[in-house]
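Visitor: Could you take a close look at one part of this structure with me, and show how it sits among its surroundings? I'd enjoy a connected walk-through.

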Amino acid sequence: MNYTTITINDQKVGLKFGMASFRYLSEKFVEGISFNNGELTEIGIAHLIYSGYLNNCLVKDVIPQHKFEYFSDYVEAK
């Protein structure tokens, strides 16, 4: 199963990973920004979560309500 949820600010957010999320990540994963020496950075983790969110919105045919910054702020707060 490639679907899960996370809770951000007391709101459940669905994440579904698939081809659209992989395409997004292939554009966003850059050495020195999204990962260093094979390890994800905070920005990389935020991109990973955001890609699952975007893919979930596409599959459910709904307009995304959150921007990347929402997920970046969540990761930074952890």
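Guide: The buried residues of helix H3 pack against E1, E2 and H2, where contact means heavy atoms within 4.5 Å. Those buried residues are Tyr70, Phe71, Ser72 and Val75; buried stands for under 20% relative accessible area, exposed for over 50% and partly exposed for anything in between, using a 1.4 Å probe and protein chains only. Helices (H or I, at least four residues) and strands (E, at least two) are DSSP runs, numbered from the N terminus. Please bear in mind that this is a predicted model, in which local features need pLDDT of at least 70 and side-chain atom pairs count only at pLDDT 80 or more, while totals for chains, interfaces and linings use all residues. Residues are numbered from 1 along each chain as its sequence is written, and side-chain values use heavy atoms, leaving out hydrogens and water.

Let's stay with Phe71. Leaving aside residues up to four places away in sequence, Phe71 touches Ile8, Val13, Ala46, Ile49, Tyr50, Tyr53 and His66. In the largest nonpolar core, which has 14 residues, Phe71 is also among those touching the most other members, along with Ile6, Ile8, Val13, Leu15, Ile49 and Tyr53. Such a core is a set of buried Ala, Val, Leu, Ile, Met, Phe, Trp, Tyr and Cys residues joined through side-chain atoms within 4.5 Å. At least two of its residues come from each of strand E1 (3–8), strand E2 (11–16), helix H1 (19–28), helix H2 (42–60) and helix H3 (68–77). H2 gives the largest share, 5 residues.

Now for how H2 and H3 meet. They pack at an angle of about 130°, and their axes lie 8 Å apart. Therefore H2 is oblique to H3. On the H2 side, the contact involves Glu42, Ile43, Ile45, Ala46, His47, Ile49, Tyr50 and Tyr53, and on the H3 side Phe68, Phe71, Ser72, Tyr74, Val75 and Glu76. By type, the residues of this contact comprise 10 nonpolar, 2 polar and 2 charged.

Lys67 counts as exposed because its relative accessibility is 66%. Its C-alpha atom is separated by 9.4 Å from that of Leu54, 13 residues apart along the chain.

Note on methods
Axes are lines fitted to C-alpha atoms, for helices over the stretch in contact, and angles run from 0 to 180 degrees between N-to-C directions. Angles under 35 degrees count as roughly parallel, over 145 as roughly antiparallel, 65 to 115 as roughly perpendicular and the rest as oblique. Ala, Val, Leu, Ile, Met, Phe, Trp, Tyr, Cys and Pro count as nonpolar, Asp, Glu, Lys and Arg as charged, and the others, Gly among them, as polar.
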